[in-house]
Amino acid sequence: MTQLILSRRASRIGLAPNAAAKARAQALAASGRSVVELTAGEPDFDTPVPVKQAAIEALAAGDTKYTPPAGTADLRAAIRDKLARENRLDYATDQIIVSSGGKHVIYNAFAATLDEGDEVIVPAPFWQSFPAMVSINDGVPVTVASRPEDGYKLTPARLEAAITPRTRWLILNTPSNPGGAVYDIDELSALAAVLRRHPHVWVLLDEIYEHIRFDGGARDHFLTLAPDLAARTLIVNGASKPYAMTGWRVGYGAGPVELIRAMVVVQSQSTSSPSSIGQAALAAALRGDQAFVAMSVAAYRERRGLLLDALAKIDGVRCVPPQGAFFAFVDVNALIGSTTPKGETIASDVDFVAYLLHEHGLAVVDGTSFGTPDHIRLSMVADSAKLVEGAARLAAAVAALKRAQAPARLQQEAA
């Protein structure tokens, strides 16, 4: 039998932890167990009817062929108009690429710019695919820790300390997954001041949760505060979170024309082009009534309140209130070292997540997967009843633990 030999790049990464956690929960539920599943980062709302209707009309019109590799002219014009209308940014259509989801935009950017050993600064907690996509493109993810007292945000001093001559990119995700961090005007300006001292560092600005904010602060865009950095910034956004279009697989990027051209070349040799139907649907979403976005954000805000109230009543966990996105990132450091009713030691957040699933039927994701041990992530893309039940199961699980005299491992602050 011939042995399959995997490439080194394939061996550097594994299955996305979110997907693995969801699969474990589904397998347990299939066995007949009651499971409250709070792992997903996928809106539980249906795609708005006008968006689906636009796709139907595209099908009826025969819009089923390959599109240009960068995306249709119509969708790129809709994205250009969105950036001007909502963000006060001026982009030409040749500075815009449409890809098979926001993740694909990021992958194309790294494939087009990274050589072996090039470094990418990844603030932690991070979306799990960031370091994986750096690694698979031969880059080196440089994780920079943040602290709960800083709202899980990258500080200027930590950014400055992480930059080396090999640094190619800084990833800035705001609002962020999983910490819910939203950088305010002063914080963005301070980071921009550091970047000005290092002109070789580009910025990948992931704004997929752009509209899902609870902080009520001013929404000045990073590039309206630092327009001089536009020449080395890639904006990443998409349809999945604001319009509940996860399965449509359509996202977009906007940046300097030379970068976009290189990304288009990469894309032309992989997917050729994004889905023609998905592109028609996103164009309709961007141009249409935005009431759906406001409705979903209002629902997430209500769920956030319910979950935070419930978490506040559980001794041994603490949660920095998320300012955006739809996750609660919960510090469980005080529980590490505890013993379960079966006599098993909770030595890590990974152990705690396994205990929650198998003993209490609650599926969440461990913080280690996000580069921040001793935490768990709970998704708020579930109805209020499910969130209340999930919080109750978490409370029961914590109450059943026999606490150690002190946590076995205190979270270390980075210097």
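The model is a predicted one, in which local features need pLDDT of at least 70 and side-chain atom pairs count only at pLDDT 80 or more, whereas totals for chains, interfaces and linings use all residues. Residues are numbered from 1 along each chain as its sequence is written, and side-chain values rest on heavy atoms, with hydrogens and water left out.

Helices (H or I, at least four residues) and strands (E, at least two) are DSSP runs numbered from the N terminus, and two strands are taken to pair if DSSP finds at least two bridges between them. On these terms, 7 strands form an open sheet of mixed pairing, in the order E2-E8-E7-E6-E5-E3-E4. Its edge strands are E2 and E4, each of which pairs on one side only. From one strand to the next the twist averages 20 degrees, where axes are lines fitted to C-alpha atoms (for helices over the stretch in contact) and angles run from 0 to 180 degrees between N-to-C directions. Within this sheet, E3 and E5 pair in the parallel sense over 3 bridges, and the bridge partner of Ile121 in E5 is Leu170. Helix H5 (residues 102–113) packs on the sheet, touching E2, E3, E5, E6 (202–206), E7 (233–238) and E8, and its direction makes about 155 degrees with that of E7; contact here means heavy atoms within 4.5 Å.

The 12 residues of H5 reach 17 Å from the first C-alpha to the last, close to the 16 Å expected at 1.5 Å a residue, the expected span being 1.5 Å times one less than the number of residues. Gly102, His104, Val105, Ile106, Asn108, Ala109, Phe110 and Thr113 are the buried residues of H5, where buried means under 20% relative accessible area, exposed over 50% and partly exposed in between (1.4 Å probe, protein chains only).

E12 and E13 (residues 375–379) pair in the antiparallel sense over 2 bridges, with Asp366 opposite Ile376 in E13.

Most residues other than glycine have a negative phi, and most peptide bonds are trans. The peptide bond from Ala124 to Pro125 is cis, with omega near 5 degrees, and Pro125 is placed in the loop between E3 (119–124) and H6 (129–136). The bond from Asn177 to Pro178 is likewise cis, with omega near 15 degrees, and Pro178 is found in the loop between E5 (167–173) and H8 (185–196). Positive phi values occur at Asp138, near 75 degrees, and at Tyr152, about 60 degrees.

A search of the whole structure finds 12 aromatic pairs, defined for rings of Phe, Tyr and Trp (its six-membered ring) with centres within 6.5 Å, planes under 30 degrees apart counting as stacked, over 60 as edge-to-face and the rest as tilted. The rings of Phe352 and Tyr355 have their centres 6.2 Å apart and their planes at 35 degrees, so the pair is tilted. Both residues lie in H13 (residues 349–360), 3 residues apart, about one turn of the helix; Phe352 is buried at 1% relative accessibility, as is Tyr355 at 5%. One aromatic cluster is formed by Phe45, Tyr209, Phe292, Tyr300, Phe326 and Phe327.

Thr47, in the loop between E1 (36–37) and H3 (49–60), is buried with a relative accessible area of 7%. A polar atom of the Thr47 side chain lies 2.7 Å from the backbone oxygen of Ala244.

Note on methods: Polar contact = N/O pair within 3.5 Å; in protein donor to acceptor, adjacent residues only side chain to side chain.
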